[in-house]
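Open the model in your viewer and keep the selection tool at hand. Each stop below says what to select and what is there.

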Amino acid sequence: MPPQALAKELGGFAVTLQSQADARSGLIGAAPTDDETNRKNMALLIQLRWTAVVGQILTIGGVHFGLGIPLPLERMGAVIGALLLLNVSSLVWVRHRAAITNNELLVALMLDVAALTAQLYLSGGATNPFTSLFLLQVTLGAVLLDARSTWSLVALTCACFVWLTLAYRPLDLPPNPLSETYSLTVAGMLLGFALNAVLLVVFVTRINRNLRERDAHLAALRQHAAEQDHIVRMGLLASGAAHELGTPLASLSVILSDWRRMPDLAADQELAEDLSEMETSLQRCKSIVTGILVSAGEARGEGSSPTTVTAFVTALVEEWRDARSARTLYFVNTFGEDVAIVSDVALKQVIFNVLDNAYEVSRDWVEFLAEREGDNLVLSISDRGPGFAPEMLAQLGKPYQSSKGRAGGGLGLFLVVNVVRKLGGSVTAENHRKRGATVRLTLPLATLAIGGSF
């Protein structure tokens, strides 16, 4: 990317990206990510409760009818009915909740502990081998809750266990030899241990997956905020440099005008041509500096003029050809029915950047294709250069990812990706089978259209 184009692009994005960077940074520690994770975890607790209901029904039926150990089916059934009602209510409640808090997860786990305590009270108390299921609730609490809430859950489960050693409905075991009774207890302990282990592996694994997704989302937000801050700092630097360059450029313009009016210099035809070329180059430098200052002070839409997609891309191609004296750019427009949009300086600079990169590696052929896909404007720039390295395609849009081997390279494509993302679009790149590459800019027409609609 030419230095002057990079400077102009940086200046143009400085103000608009500052607000975006601030907004992105504010999301890093914000609640939506944690709330979404808590919502997923609450859904897991509801699934666990359904599992508990099915498990209790099977266990109670097996003990009462299979082993012949009488149980208070009415009262134990009432506890199961309460769990069913709680689960249905929880499903309805979660759908209408905008956020799930730590305290609400704690209450859900405490209700599960209370239901388990009630069932154990009706089936032997602390002598019931399924008391090991208390550890399942404690482990889930340690994963889902903050430290204070976890210790509150530990205190509750310990209090319930102690109470079950003092008050409970004893089991009316059938008369069996001691060894057979011992075998039933061991079998119950084994079943309780296996159930505990399986549920822990299944649900803790899924909870950890939710937490990893949250951490990955937070890391992406931090990375994006850092990238936006990087652009803003470079843009402010470019804007400041433009202010500093204004004075010496004005001085050079005055000196050249004085030289052109001097008779001795005007009489020399060769020197006059050199002065004319110097004035043209100076005027271009002043135009670049002016563009930086104007763009840095304007948000999108301010000072822009209404146009159409076809007029915008056609004028863009002609301007790029004239500025680079390049006649190997082949423009194809298959957009179809034209759409009114607002001309966007930042978008034009982005397209110029991609065209410059393609022209640098493929002087003899560059293709620019404009087409419509649904409600999107798709701009494709293809070349016959060496293509992108695999690591660059994997890190598309990351700063300092460049195949040119220059210090500080890779900022152009980095800016392209971030500006297109700001407009609600996306950037993709792919290599051709034999030679060359294509960069595709996908932009929502609703973002570009006048008044935000089309």
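**Stop 1: helix 4 and helix 5.** Select helix 4 (residues 102-121) and helix 5 (residues 133-144), which pack at an angle of about 175 degrees with their axes 10 Å apart. Helices here are DSSP runs of H or I of at least four residues, strands are runs of E of at least two, and both are numbered from the N terminus. Axes are lines fitted to C-alpha atoms, for helices over the stretch in contact, and angles run from 0 to 180 degrees between N-to-C directions. Helix 4 and helix 5 are therefore roughly antiparallel; angles under 35 degrees count as roughly parallel, over 145 as roughly antiparallel, 65 to 115 as roughly perpendicular and the rest as oblique.

This is a predicted model, in which local features need pLDDT of at least 70 and side-chain atom pairs count only at pLDDT 80 or more, while totals for chains, interfaces and linings use all residues. Residues are numbered from 1 along each chain as its sequence is written, and side-chain values use heavy atoms, with hydrogens and water left out.

Now show side chains. Which residues of helix 4 meet helix 5? Among them are Leu105, Leu109, Asp112 and Leu116, and the helix 5 side includes Leu133, Phe134, Gln137 and Leu140. Contact means heavy atoms within 4.5 Å.

**Stop 2: a salt bridge.** Select arginine 261 and aspartate 258. Their side chains meet in a salt bridge (2.5 Å, N to O). The rule asks for a side-chain nitrogen of Lys or Arg within 4 Å of a carboxyl oxygen of Asp or Glu. Both residues lie in helix 7 (residues 178-261), 3 residues apart, about one turn of the helix. The count by this rule is 7 salt bridges.

Stop 3: Switch to cartoon view. Here 5 strands form an open sheet in the order 2-4-5-7-6, with mixed pairing. Two strands pair if DSSP finds at least two bridges between them. Strand 2 (329-334) and strand 6 (426-431) each have a single partner strand, so one side of each is left without a neighbour in the sheet.

Zoom in on strand 2. It runs parallel to strand 4 (residues 366-373), joined by 6 bridges. Phenylalanine 331 stands opposite phenylalanine 368 in strand 4. Helix 10 (residues 309-324) packs on the sheet, touching strand 2, strand 4 and strand 5 (376-383). Next, select helix 11 (residues 345-361), which lies across strand 2, strand 4, strand 5 and strand 7 (437-444).

**Stop 4: the hairpin.** Move to strand 6 and strand 7, which pair in the antiparallel sense over 6 bridges. Glutamate 430 stands opposite threonine 438 in strand 7. The two strands form a hairpin with 5 residues between them. Finish on glycine 436 in the turn, with a positive phi of about 100 degrees.
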